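Please view the sequence and structure below before reading on.

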Amino acid sequence: MDISVTVPRLPEPGATVLGSAARFTPGGKGANQAVAAARLGASVHMAGCVGDDDFGRQLVAALREEKVDTGGVRIAAGVPTGLAMISVDEAGENIITVAPGANHEAGHAEVYAALAEPRNVLVVCAEIRAEVIVAALARHAASILNLAPVPGSPADAAAIVAGARPDWLVVNEIEAGAVLGRPVSGLSDAAQAAVALIDAGARHAVVTAGAHGAALADGPGPAETVQAFRVEAVDTVGAGDTFVGALAVTLAAGVPATEAVRAAAAAGATAATRAGAQAGMPRPEDIRAVTGLTWPVR
């Protein structure tokens, strides 16, 4: 569950700022990506864990309202549902702290639930334990790993990529830097980082660079860059998850890699123009209205 407060500026260490009334809205990276994919035309099956509390029941109900199959979502007794505490400034930038709660209860039962039936694409984010990430990705060839938040040290993050060898790895600049053990800033840096992530074990690597765009590498040669769509950002919470969900839909439909990344960038940019995570996730007609891109999946 996302607990969001809009503030005039993001606080520095030791500072206190006054913000808006707190908003409680469905979140969680995996659930966000599931909703994004469902709104963009995919048939989505969700696997994971919530707590046996009001938040957990609300999150499952929200997924069902979006026509997401929740048959793989388990209620973990005696554990609280995961929480994200979010501060958003007037430019739409954010700081997020996650208390994983029931997310860390996800295990082999959830891996089985996710893969019990044939699926085009498996999407995994990093709000679950590292060994579960690797176990899931090892069992599905067409996979997207969104290594967010980055678990542990750079060595831990690199070990996940090397062990899982995902078909697609999607990270932002900060996450790419955490895997590679060096800062990544801007689109040029993102392109170099994407190539380095191929060496780290991914078959395809995407490094998103916010308002600058994204870089795509799929081999030892130079990475391609996709320019960002210019929009007036209201709230960037959920924009990255929209990108991942959109990428999954396009790849499952057989859209070529560069076109798929461009469509995902358009979806993420559209999400940034709307408040909330799941609440702000677009449908194809929203993407066209904001960016001019016609969604490539029917």
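## Thr81 in its loop

The model described here is predicted. Thr81 sits in the loop that lies between strand 4 (69–76) and strand 5 (83–88). With a relative accessible area of 5%, Thr81 is buried, since the cut-off for that term is under 20%.

A polar atom of the Thr81 side chain lies 2.9 Å from the backbone nitrogen of Gly51. For the backbone nitrogen of Gly56, the distance to a polar atom of the Thr81 side chain is 3.1 Å. Leaving aside residues up to four places away in sequence, Thr81 touches Val50, Gly51, Asp53, Phe55, Gly56, Leu59 and Ala102.

## Glu175 in helix 6

Glu175 belongs to helix 6, which covers residues 173–180. Glu175 is buried but has no salt bridge.

Residues up to four places away in sequence not being counted, Glu175 touches Asn146, Leu147, Ala148 and Val150.

## Helix 9 and its surroundings

Helix 9 comprises 16 residues, 257–272. Its span from first C-alpha to last is 23 Å, close to the expected 22 Å. Because 12 of the 16 residues of helix 9 are buried, this helix is largely enclosed by the rest of the structure. Among the buried residues are Ala260, Val261, Gly268 and Thr270.

The buried residues of helix 9 pack against strand 9 (168–172), strand 10 (204–208), strand 11 (213–217) and strand 12 (224–227). They also pack against helix 8 (239–252) and helix 10 (284–291).

Terms used
Residues numbered from 1 in each chain as written. Predicted model: local features only at pLDDT ≥ 70, side-chain atom pairs only at ≥ 80, totals over all residues. Heavy atoms only, no water. Helix = DSSP H or I, 4+ residues; strand = E, 2+ residues; numbered from the N terminus. Buried < 20%, exposed > 50% of the residue type's maximum accessible area, 1.4 Å probe, protein only. Lys, Arg positive; Asp, Glu negative; His and termini not counted. Salt bridge = Lys/Arg side-chain N within 4 Å of Asp/Glu carboxyl O. Contact = heavy atoms within 4.5 Å. Expected span 1.5 Å × (residues − 1). Polar contact = N/O pair within 3.5 Å; in protein donor to acceptor, adjacent residues only side chain to side chain.
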